[in-house]
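Welcome! Please take a moment to look over the sequence and the 3D structure before reading on.

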Amino acid sequence: MGEQWQYQLRIDVDEAHTEALRSQAEDRALVPLTEILRRHDAKATCQYDAFAGYCAEAEREGIDEYPLYHWTKATIEDPVKKAKYLKSFTLYVDGEQVYPKARADALERELQPLVGDGVVDRLHKYDTNPANNPQPPARHAS
């Protein structure tokens with residue numbers, strides 16, 4: 001049997017709803033999305049917040065142990081990239097960043113009808129196969 005890849009779903013959310021989703025505030029427009037996420041034991045985590053958390057941890061613990069620190073820090077400080085990542089949410093399932101294909105496919109099927117509804121702008125599915133993913137940027141000597 002071949003190697004089993006894990007999967008991850010991400011959604012891009014309309015700017016009008018990003019803050020409510022980030023803070024888990026009441027927003028009637030988010031109800032269909034949050035009900036689907038609840039059924040799948042999934043949670044939407046803002047990519048900008050995850051990047052900022054990574055940088056804060058690296059700065060506390062020492063950036064030498066965080067190979068993507070410089071790339072991530074530059075990303076969150078770039079206004080264009082910041083705006084992009086504030087609208088992008090990684091979907092964690094059962095607290096995991098990547099999960100089996102069957103879980104990803106089931107969640108994707110339920111989310112697909114929401115794409116273009118004024119809340120969910122885009123839906124992406126990624127796998128852990130290195131051939132399908134860009135490699136981390138090379139570290140540059142300081």
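How many residues apart are Lys-73 and Glu-77 in helix α4? They are four residues apart in α4 (residues 69–77), so about one helical turn separates them.

## About the model

This is a predicted model, in which local features need pLDDT of at least 70 and side-chain atom pairs count only at pLDDT 80 or more, while totals for chains, interfaces and linings use all residues. Residues are numbered from 1 along each chain as its sequence is written, and side-chain values use heavy atoms, leaving out hydrogens and water.

Helices (H or I, at least four residues) and strands (E, at least two) are DSSP runs, numbered from the N terminus.

Side chains of opposite charge can pair when their charged atoms come close. Here, a salt bridge means a side-chain nitrogen of Lys or Arg within 4 Å of a carboxyl oxygen of Asp or Glu. By this rule the count is nine.

For accessibility, buried means under 20% relative accessible area, exposed over 50%, and partly exposed in between (1.4 Å probe, protein chains only). Lys-73 is partly exposed at 23%, and Glu-77 is exposed at 54%.

Asp-49 and Arg-22 meet through their side chains in a salt bridge of 2.5 Å, N to O. Asp-49 sits in helix α3 (residues 47–61) and Arg-22 in helix α1 (residues 15–23), 27 residues apart. Asp-49 is partly exposed, at 30%, and so is Arg-22, at 29%.

Glu-110 and Arg-39 also form a salt bridge, again with 2.5 Å from N to O. This pair spans 71 residues, from Arg-39 in helix α2 (residues 31–39) to Glu-110 in helix α6 (residues 101–111). Glu-110 is partly exposed at 28%, whereas Arg-39 is exposed at 54%.

## A closer look at α1

Which residues of α1 are buried? They are His-17, Thr-18, Ala-20 and Leu-21. The buried residues of α1 pack against α2 and α5 (79–86), as well as β1 (7–13), β2 (42–46) and β3 (88–93); contact here means heavy atoms within 4.5 Å.

Both ends of α1 have something to show. At its start, a side-chain oxygen of Asp-14 comes within 3.0 Å of the backbone nitrogen of Ala-16. Just after α1, Gln-24 has a positive phi of about 60°.

Methods:
Polar contact = N/O pair within 3.5 Å; in protein donor to acceptor, adjacent residues only side chain to side chain.
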